Number of protein chains: 4
Amino acid sequence: MRHLILHINCPDQRGIIAQFTSILYDHGANVLNLEQHVEPDEKLFFMRIHANLSSLTISEDALKEILQALVNKMDAQIHFYFPENKLKVAIFVTRESAPLYDLLIKHQSGELPCEIPCIISNHENLKEIAGQFNIPFHYLSITPETKAQQEKEIRELLEKEKIDLLVLARYMQILSSEFVEDYRGRIINIHHGFLPAFKGNNPYRKAWERGVKMIGATAHYVTADLDEGPIIEQDVVSVNHQHSVKEMVQAGRDIERRVLTSAVKAHLEHRIILDGRRTIIFHS
Amino acid sequence: MRHLILHINCPDQRGIIAQFTSILYDHGANVLNLEQHVEPDEKLFFMRIHANLSSLTISEDALKEILQALVNKMDAQIHFYFPENKLKVAIFVTRESAPLYDLLIKHQSGELPCEIPCIISNHENLKEIAGQFNIPFHYLSITPETKAQQEKEIRELLEKEKIDLLVLARYMQILSSEFVEDYRGRIINIHHGFLPAFKGNNPYRKAWERGVKMIGATAHYVTADLDEGPIIEQDVVSVNHQHSVKEMVQAGRDIERRVLTSAVKAHLEHRIILDGRRTIIFHS
Amino acid sequence: MRHLILHINCPDQRGIIAQFTSILYDHGANVLNLEQHVEPDEKLFFMRIHANLSSLTISEDALKEILQALVNKMDAQIHFYFPENKLKVAIFVTRESAPLYDLLIKHQSGELPCEIPCIISNHENLKEIAGQFNIPFHYLSITPETKAQQEKEIRELLEKEKIDLLVLARYMQILSSEFVEDYRGRIINIHHGFLPAFKGNNPYRKAWERGVKMIGATAHYVTADLDEGPIIEQDVVSVNHQHSVKEMVQAGRDIERRVLTSAVKAHLEHRIILDGRRTIIFHS
Amino acid sequence: MRHLILHINCPDQRGIIAQFTSILYDHGANVLNLEQHVEPDEKLFFMRIHANLSSLTISEDALKEILQALVNKMDAQIHFYFPENKLKVAIFVTRESAPLYDLLIKHQSGELPCEIPCIISNHENLKEIAGQFNIPFHYLSITPETKAQQEKEIRELLEKEKIDLLVLARYMQILSSEFVEDYRGRIINIHHGFLPAFKGNNPYRKAWERGVKMIGATAHYVTADLDEGPIIEQDVVSVNHQHSVKEMVQAGRDIERRVLTSAVKAHLEHRIILDGRRTIIFHS
């Protein structure tokens with residue numbers, strides 16, 4: 001079975017679904033799933049179609065060409081994804097092991113459809129975990145002086161490994177604006193706080209001092225503005241006066257890993273479409 | 001603006017979306033929202049389409065006829081709903097006021113798109129609440145001897161008021177199998193337990209005795225099998241050893257009303273399709 | 001049965017529980033429930049004791065005197081509450097009806113142990129709801145010119161009715177710093193956002209624009225700093241790209257009312273002790 | 001610092017807290033935390049005291065003797081736990097890796113205060129994970145003929161390693177009634193369903209067929225009645241019509257591991273007291 005996932009977005013107008021699905025139907029592509037959404041303020045239309053190409057009556061290139069003609073007519077944008085081409089993911093870590101473990105375990109069990117050619121860290125202490133799962137670990141230390149150089153080495157590594165997605169699994173370094181811009185929509189970070197509250201460092205300490213009754217975690221795409229990128233997923237857990245900062249950290253760990261892994265899974269399954277600063281997360 | 005909601009279900013086959021949306025597009029009906037689902041075991045296809053008919057180029061009857069021809073070809077079933085025709089709801093209660101209040105408040109604020117021509121009860125003690133919201137209250141007492149007679153009076157009332165949906169908001173009487181069968185898919189009940197656990201009477205007492213750490217509520221369509229009908233919505237709340245049965249009842253009340261109102265809302269907005277013993281709940 | 005609830009707080013030291021409970025035991029007061037907490041940073045001790053005085057062998061005044069002597073020795077503070085003296089609550093509203101309804105319904109059903117001698121509003125549109133529950137409604141309009149005068153009238157009303165607790169149930173006016181200071185620890189507000197995110201106006205619009213995946217509500221004591229007072233309770237509900245601002249408002253309503261009523265209940269049952277900017281919420 | 005945790009339970013009566021805490025205070029034991037609970041139906045009193053013995057003015061044995069005298073007078077039961085003596089845990093597994101990983105990761109990070117001298121399985125496929133964490137893995141295969149023999153080997157192993165707690169982390173074998181009886185209150189199981197619903201095999205398949213909107217997991221002490229032992233912790237996650245059985249299994253995994261690890265943690269920290277078929281879970 002050969003599968004295709006389409007992402008289409010355009011100004012809202014009549015007949016979008018009918019016209020796209022008719023092309024697929026006319027040429028033997030079977031729609032397995034279709035989800036769409038209209039953003040009400042700016043009247044933008046977004047659609048994800050999952051089709052089976054096994055009985056396609058024309059070549060894939062010919063299908064693409066016909067779809068592209070409609071796209072042009074509709075002032076739309078289209079992206080083609082073939083699920084059998086698994087994305088390649090680089091995981092960035094520092095000292096916290098929980099989100100890394102979760103990604104590797106879910107990858108091992110087949111829940112995350114991707115390849116993980118490398119783990120990159122500015123510290124050495126998670127090297128052993130990478131070894132447990134037989135994944136190459138790249139230790140690239142950083143000092144204020146070597147930061148630019150380290151980023152250059154990261155770029156070389158990502159290019160060599162043909163990385164599609166960068167996952168910052170509690171990576172405690174800030175990437176340069178140029179770097180972030182070049183990988184726009186392809187870097188997912190987990191923030192250990194309920195954004196937009198508690199941006200920046202030490203969110204659990206800040207949460208404790210503010211006396212909140214819930215703590216959270218937020219997975220988002222990274223942009224040049226720290227902790228301001230489009231949110232993919234969030235979750236919270238209740239805390240009370242008995243929780244010390246350390247206990248909040250422990251309670252938060254389960255949320256962080258779950259939220260990050262879930263966001264990465266949505267990206268790998270091509271279920272996310274960016275709508276400016278917001279994300280559209282389709283279900284399947 | 002004239003709106004139409006379609007429910008279509010049929011054996012899964014190629015081109016369903018393309019063919020239905022093309023008919024709508026060709027005749028000026030604008031699809032505002034489309035959701036579909038394929039049940040994987042029996043390969044059944046379900047779809048809900050919300051269309052705007054303001055620019056329809058043929059009559060509504062003509063559109064229906066064309067759609068019906070396709071339905072026949074595809075061995076499908078179709079239902080037409082016009083949201084401007086608000087459903088008529090009868091609320092059944094006994095002594096518990098919380099779910100009744102919630103339905104009436106949400107109706108008053110415009111969140112529940114329906115008319116409520118009557119409240120029916122086998123006790124008199126919620127009469128005053130009906131009065132607060134200016135809704136006729138029908139007290140129909142029940143004894144083992146009068147049960148059949150009372151059900152007959154209920155039927156007459158429902159027919160007179162042209163009731164579309166019966167909501168059992170903690171109505172503590174069991175309706176006869178014949179009655180339930182005649183209103184199949186049109187009676188929603190709230191059970192104050194997390195089905196399929198704790199069926200029948202006193203679910204909170206049973207939950208306390210079993211020492212569960214969460215209690216729940218379940219909104220479901222009523223069938224002749226007690227508490228076995230298709231589930232629409234469920235929710236839970238955490239409890240602990242400090243909760244007495246009475247405190248569980250209090251904690252459960254907020255869940256019961258929220259779950260019931262939400263299930264009723266989904267029905268009124270024509271977002272539910274029955275799939276045997278399961279429900280498909282579309283989002284909008 | 002005559003009941004007493006004690007709140008005791010002091011610098012942490014040895015033997016606090018033993019000495020206080022021994023006094024109660026020695027004079028026939030039966031401890032029904034005891035909860036304590038030590039704040040770890042500043043080593044402060046907090047305790048709530050619920051005792052039954054039915055078999056007290058000395059007068060209540062004598063007991064108080066003996067306890068006061070220990071309090072002085074320990075550099076502590078003590079508060080005495082008698083649950084049979086129900087607190088008097090004034091509810092402040094503007095246009096939003098959901099939190100008001102919830103307070104009145106829970107009060108009517110006996111879940112909120114208080115009296116509600118008045119509802120105060122700067123608009124007239126919730127007057128009818130007050131009437132449904134037979135509670136005097138005071139309409140005190142506000143213009144920039146009359147704000148000081150209106151606050152004076154509020155004070156007179158609160159004093160006349162001997163109000164113990166002010167509940168701001170979506171009251172859309174900011175009280176003066178002097179007023180807030182005079183009622184410190186006795187004004188509870190519901191904020192329709194997950195503090196400390198989305199302070200101030202239009203939190204749902206801000207949440208929509210930021211693209212958050214959960215929206216929340218926060219009940220807190222009011223201080224002169226807007227939305228910065230000690231948090232009592234918070235909760236959230238999941239939202240997604242399909243939620244318009246209006247749908248977020250609807251989804252948030254259920255959370256707001258639940259969080260506010262629960263916070264008010266905790267205050268009325270004397271289960272809250274303030275610890276600077278944080279709250280200690282005991283369970284029973 | 002030398003710490004002591006006391007569990008005391010007895011018929012409810014006056015002065016329990018005062019008398020026990022006075023003994024501790026009089027002999028230099030500093031109460032760090034005290035929690036109590038009265039079961040309202042049978043009037044049973046339960047208390048957990050966490051004390052620091054660093055400044056004890058008598059020997060520990062002398063303290064125990066004095067406490068024991070009071071225990072006898074009050075018709076009570078007392079248990080003494082010294083947190084520095086970490087419990088020894090045996091983990092039982094079959095094929096499912098997620099709960100095992102979670103226990104080992106949390107143990108490695110110091111969140112689970114215990115030793116894990118062995119992992120026992122009736123299959124070999126999780127052997128490698130045990131190796132990753134350097135924990136001896138015992139493969140004891142089972143056939144209907146060897147079941148009794150295998151249980152004998154398990155007993156020998158548990159005795160040799162002086163095991164205090166058995167954790168069944170998706171161990172798909174039923175232990176004999178004699179075995180379970182001998183380890184009463186010392187075997188924790190994770191059931192991948194929301195008990196008391198969906199007992200026995202294939203709870204996710206049953207949940208799918210019933211069309212529930214939430215699936216859950218339950219950690220409980222094992223008794224001779226399958227899935228009927230005292231519940232320690234439960235949690236749920238929402239599902240909908242789009243979830244296949246396989247996706248329910250995946251969604252449930254995160255809940256299972258979290259619930260099991262949390263229940264084990266509560267046991268290891270001596271925060272659980274059994275009250276017949278119910279559990280009392282103290283907070284700290």
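1. Let's start with helix 3 (residues 98–108) of chain D, where Ile105(D) has its place; helices (H or I, at least four residues) and strands (E, at least two) are DSSP runs, numbered from the N terminus. Ile105(D) is buried, because 22 other C-beta atoms lie within 10 Å. Here a residue is buried if 20 or more other C-beta atoms lie within 10 Å of its own, exposed if 12 or fewer, and partly exposed in between, with C-beta atoms placed from the backbone. From Phe45(D), Ile105(D) is 60 residues away in sequence and 37 Å away in space, C-alpha to C-alpha.

2. A word on the basis of these notes: this is a predicted model, in which local features need pLDDT of at least 70 and side-chain atom pairs count only at pLDDT 80 or more, while totals for chains, interfaces and linings use all residues. Residues are numbered from 1 along each chain as its sequence is written, and chains are lettered from A and ligands numbered from 1 in the order in which they are written.

3. Over in chain A, 10 of the 11 residues of helix 3 (residues 98–108) are buried, so the helix is largely enclosed by the rest of the structure. Among the buried ones are Leu100(A), Tyr101(A), Asp102(A), Ile105(A) and Lys106(A). Just after this helix, Gly110(A) takes a positive phi of about 90°.

4. Next, please look at chain B, which has an open sheet of seven strands in the order 7-6-5-8-9-10-11, with mixed pairing; two strands pair if DSSP finds at least two bridges between them. Strand 7 (137–139) and strand 11 (231–238) of chain B are at the edges with a single partner strand each, so one side of each lacks a neighbour in the sheet. Within the sheet, strand 5 (residues 87–93) and strand 6 (residues 114–121) of chain B run parallel and are joined by six bridges. Val93(B) is found opposite Ser121(B) of strand 6.

5. Finally, how many residues of chain C are in contact with chain A? There are 24, and they meet 24 residues of chain A, where contact means that the C-beta atoms, placed from the backbone, lie within 7 Å. On the chain C side, the elements giving two or more residues are strand 11 (231–238) and strand 13 (278–281).

Conventions. Contact = placed C-beta atoms within 7 Å.
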